[in-house]
Amino acid sequence: AELRSDAFSLDVFRTLVQENAGNVTFSPAGLESLLRVLQHGARGETAAELAALPMGDAGVPSCMQVAQAAALFADEQFKLKSAPEGAAVIPVPLAGATDEAAERINDWVQEKTRGMIPGVITPADLQQVPLRCLVAVSALALEEKWLRPFDPEKTVLNAPFFCEKAKQATVPMMYREAAFRHAEGEDWHAVALFYRTDGRPGNPGCFLAVMPQGNARDFVAGLTPEKFSSIRRALATAEPREICIGLPRFEQLTPVLKLTGALQSCGLRCR
């Protein structure tokens, strides 16, 4: 189940990195949640293609504090025969008042992500769609605290950060010296930074950072499920040892990404 889940996530990630310049952020869990909502109303070839996608099916109990929600925003003129499990159906004027429809969708996203994401769609986005009948939206918010927190007083405000193509940026860099799980391979180093559990049941979550030893895009292009699994196994079996970690403090606002090419590479024909 682990490899099956990784296969879909990594296939989409590789295509998004190939198609987009700059940094790329996406949530495999959010995408899979959205596709399962759409699968509820699919029939024929589309239903078969959605069912064949190598989405993850390993329900690992976790104590991470993840807020996730899905909704179908249907035009007010349409009535769905049934609502998919776990998703709200919200009528909005998609075909007419696109300003109002976009505002209501963005308000829902902002509420479900606790204000972390102010919105995902504009009236112009809706106007570009030939048949404005249905908009499927998935929102996900993660709010965790480090098990071994970084000391704000040790943050270096003007530290160098090396980007691709020999570019260098100046960023605030957080530093922490403690016992972490660390592993390395032929072309990578990785470290696991765990989150606090605070007595909640389930497996603890962690931030897994992988640093390629070469070009990051080339590394992603060769990141197979087997290789990613070997990185995780190496970290799981590594004994914690004292190391010093430098992690840039950043905000990442990824623009709206088109998933057509990524989903086609996974076997879903986007008609």
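This is a dialogue on how to read some features of a predicted model.

Visitor: Which parts of the chain does the bridge between aspartate 6 and arginine 232 link?

Guide: The two side chains meet at 3.1 Å, N to O. Aspartate 6 is in helix 1 (residues 2-19) and arginine 232 in helix 7 (residues 225-237), 226 residues apart. Helices here are DSSP runs of H or I with at least four residues, strands are runs of E with at least two, and both are numbered from the N terminus.

Visitor: Are these two residues buried or exposed?

Guide: Buried means under 20% relative accessible area, exposed means over 50%, and partly exposed lies in between, with a 1.4 Å probe and protein chains only. Aspartate 6 has 7% and therefore counts as buried. Arginine 232 has 29% and is partly exposed.

Visitor: What does the salt bridge of arginine 269 with glutamate 49 tie together?

Guide: The closest N and O atoms of arginine 269 and glutamate 49 are 3.0 Å apart. Arginine 269 lies in the segment after helix 8 (260-265) and glutamate 49 in helix 3 (residues 44-52), so the bridge ties together parts 220 residues apart in sequence. Glutamate 49 is buried at 13% relative accessibility, whereas arginine 269 is partly exposed at 47%.

Visitor: What phi does aspartate 198 have?

Guide: Aspartate 198 is not a glycine, yet its phi is positive, about 55 degrees. Its place is the loop between strand 6 and strand 7, and it is partly exposed at 47% relative accessible area. Arginine 114, also not a glycine, has a positive phi of about 55 degrees. Arginine 114 lies in the loop between helix 4 and helix 5 (123-127).

Visitor: How many aromatic pairs are there?

Guide: A pair of aromatic rings is described by the distance of the centres and the angle of the planes. Rings of Phe, Tyr and Trp (its six-membered ring) pair if their centres lie within 6.5 Å; planes under 30 degrees apart count as stacked, over 60 as edge-to-face and the rest as tilted. The count is 5 aromatic pairs. Phenylalanine 73 and tryptophan 108 form an edge-to-face pair, 5.8 Å centre to centre with 85 degrees between the planes. This pair links phenylalanine 73 in strand 1 (residues 66-75) with tryptophan 108 in helix 4, 35 residues apart. Both residues are buried.

Visitor: Which residues form one aromatic cluster?

Guide: The cluster consists of Trp146, Phe150, Tyr195 and Phe207. Phenylalanine 150 is buried at 11%, while tryptophan 146 is partly exposed at 22%.

Visitor: Which residues form the nonpolar surface patch?

Guide: Patch residues have over 30% relative accessible area and no salt bridge; like charges are joined within 9 Å, and nonpolar side chains (Val, Leu, Ile, Met, Phe, Trp, Tyr) within 5 Å. Accessible areas come from the Shrake-Rupley method with a 1.4 Å probe, and for residues only the protein chains shown count as cover. Leu80, Val89 and Leu134 form the patch, with about 210 Å² of accessible area together. Leucine 134 is in strand 3 and is partly exposed at 42%.

Definitions and conventions. Residues are numbered from 1 along each chain as its sequence is written. This is a predicted model: local features need pLDDT of at least 70, side-chain atom pairs count only at pLDDT 80 or more; totals for chains, interfaces and linings use all residues. Side-chain values use heavy atoms; hydrogens and water are left out. A salt bridge is a side-chain nitrogen of Lys or Arg within 4 Å of a carboxyl oxygen of Asp or Glu.
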